[in-house]
Amino acid sequence: MPIPFRHSLQLRLATALSAALLLAALIAGGLAFYDSYRSTHKLQDDLLRQIAAHIDPQRLPENTESKRDAHIRVQTPASPHNDDYITLPPDLPEGLHTVREPGDDDTYRAYIRHTPQGSIAVLQENDFRDDMAEHAAWSSALPLLLLAPLSILLTILIVQHTMRPVRRLSQNLENRPSADLTPLPETDQPNEIRGFIRAINRLLQRTDAAMQQQQRFIADAAHELRSPMTALSLQAERLAGNTLPEPAAGQLATLLQGIRRNRNLLEQLLSLSRAQAPEAQRPQTRISSQTLFRSVIEDLHPLAEAKQQDLGVASPTDPIFHANEADLYTLVKTLTDNAIRYTPAGSRIDLSASETPGHIILRIEDNGPGIPPAERSRVFDPFYRILGSGEQGTGLGLSIARTIAERHGGRIELADSPRFPSGLLVSVYLDKRHLG
């Protein structure tokens with residue numbers, strides 16, 4: 001996508017320097033042209049003056065009075081009046097003059113010298129003088145004008161090379177996963193942006209500390225609540241084994257349902273904490289997409305069978321990649337579990353995988369009611385649940401799945417199912433550059 005001119009420091013700097021160089025080249029070329037043009041005319045005037053100074057009117061060879069030397073004519077009053085003779089106005093004072101032959105459009109530059117032996121006129125055609133002056137002027141100006149494009153090209157290359165650290169830093173920030181809070185490198189960076197880098201690193205450090213504190217709080221709270229919740233669940237189940245009056249049995253069933261819901265919440269909080277753990281704690285292994293799907297289907301098959309749902313793998317392709325196995329299992333299981341929970345009985349749920357030059361794509365597709373487009377951006381928020389779904393949940397599943405996908409440089413996209421009249425297609429794009 002092209003960057004607007006006003007937003008590109010490199011483009012503005014290169015344009016300003018190029019315009020300055022072009023203007024300087026035009027001014028220098030114009031001055032060189034004018035100076036060379038004027039100097040050439042002056043040199044030609046000096047040549048006429050020097051020729052006149054070295055000629056003796058009485059010693060001119062008889063046949064040389066009108067011969068040309070570089071379009072220069074020398075004549076005296078005694079010169080024969082032939083085609084080469086230029087009629088000059090009478091009584092011209094000594095010096096330089098511009099004269100015109102009567103009945104002729106050509107003009108001449110003439111130097112008149114008066115001597116006791118007679119007058120000498122040295123003439124030169126102005127057309128020849130102008131051509132010579134223009135040639136000399138262009139010879140002086142053209143190198144400067146031709147140097148301008150080369151200077152502009154070198155300026156653009158120098159600006160690009162100078163701005164390379166800034167561009168590389170920008171690409172580093174843009175391409176890194178959102179969970180990557182490692183400091184930016186300060187070595188080999190221009191002094192002008194080191195303060196900016198230090199400020200970003202301090203911000204990343206504070207953000208990392210805040211996120212770690214939040215993760216520790218979630219993990220500690222979940223662990224602390226897990227044991228008493230388990231004990232409470234065991235006591236309630238033992239109580240359910242006894243014969244109780246009908247009102248008490250109904251209340252006990254409601255209590256057991258609430259305990260199970262809270263235990264599920266604690267398990268998902270622990271999963272979210274593990275998904276947000278540092279990368280160093282997450283070893284990568286070789287993962288087969290088909291093997292991953294089979295593991296998820298084996299664990300969730302009882303839930304799908306209870307709702308008479310058709311859960312299976314819809315593609316034979318088996319992309320192989322390296323990632324943290326627990327993460328990818330949690331990711332696929334969470335998305336598949338959501339599909340089972342939020343599609344009606346008798347629905348169909350298909351898992352598939354494919355591969356592109358840049359991504360591994362995992363898909364979970366169902367023919368349920370789907371998710372309204374207006375809700376698709378919000379369902380990834382923690383604890384957000386769509387009203388009217390009829391399912392009891394914590395609202396953390398998709399948030400956990402997105403955290404895992406982003407950790408692998410990927411993303412999750414929600415779209416309408418292209419294969420069923422209604423339904424949802426969940427596509428997980430895993431960037432190969434972030435996979436082992």
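First, the ground rules. This is a predicted model, where local features need pLDDT of at least 70, side-chain atom pairs count only at pLDDT 80 or more, and totals for chains, interfaces and linings use all residues. Residues are numbered from 1 along each chain as its sequence is written, and side-chain values use heavy atoms, leaving out hydrogens and water.

Let's start with the rings. How many aromatic pairs does a search of the whole structure find? Two. Rings of Phe, Tyr and Trp (its six-membered ring) pair if their centres lie within 6.5 Å; planes under 30 degrees apart count as stacked, over 60 as edge-to-face, and the rest as tilted. Phe-33 and Tyr-37 have ring centres 6.3 Å apart and planes at 15°, so they are stacked. Both sit in helix H1 (residues 9-53), four residues apart, about one turn of the helix. Helices (H or I, at least four residues) and strands (E, at least two) are DSSP runs, numbered from the N terminus.

Phe-33 also pairs with Trp-138, edge-to-face, at 4.9 Å centre to centre and 70° between the planes. That pair links distant parts of the chain: Phe-33 in H1 and Trp-138 in helix H2, 105 residues apart. Together, ring pairs join Phe-33, Tyr-37 and Trp-138 into a cluster.

Buried means under 20% relative accessible area, exposed over 50%, and partly exposed in between, with a 1.4 Å probe and protein chains only.

Now the sheet. It is open, with five strands in the order E6-E8-E9-E11-E10 and mixed pairing. Two strands pair if DSSP finds at least two bridges between them. E6 and strand E10 (411-416) stand at the edges, each with a single partner strand, so one side of each has no neighbour in the sheet. Inside the order, E8 (residues 348-355) and E9 (residues 359-366) pair in the antiparallel sense over seven bridges. Ala-353 stands opposite Leu-362 in E9.

Last, the loop. Gln-308 is found between helix H6 (289-306) and strand E6 (310-313). Its phi is near 55°, a positive value in a residue other than glycine. Why point that out? Most residues other than glycine have a negative phi. Gln-308 is exposed, with a relative accessible area of 66%.
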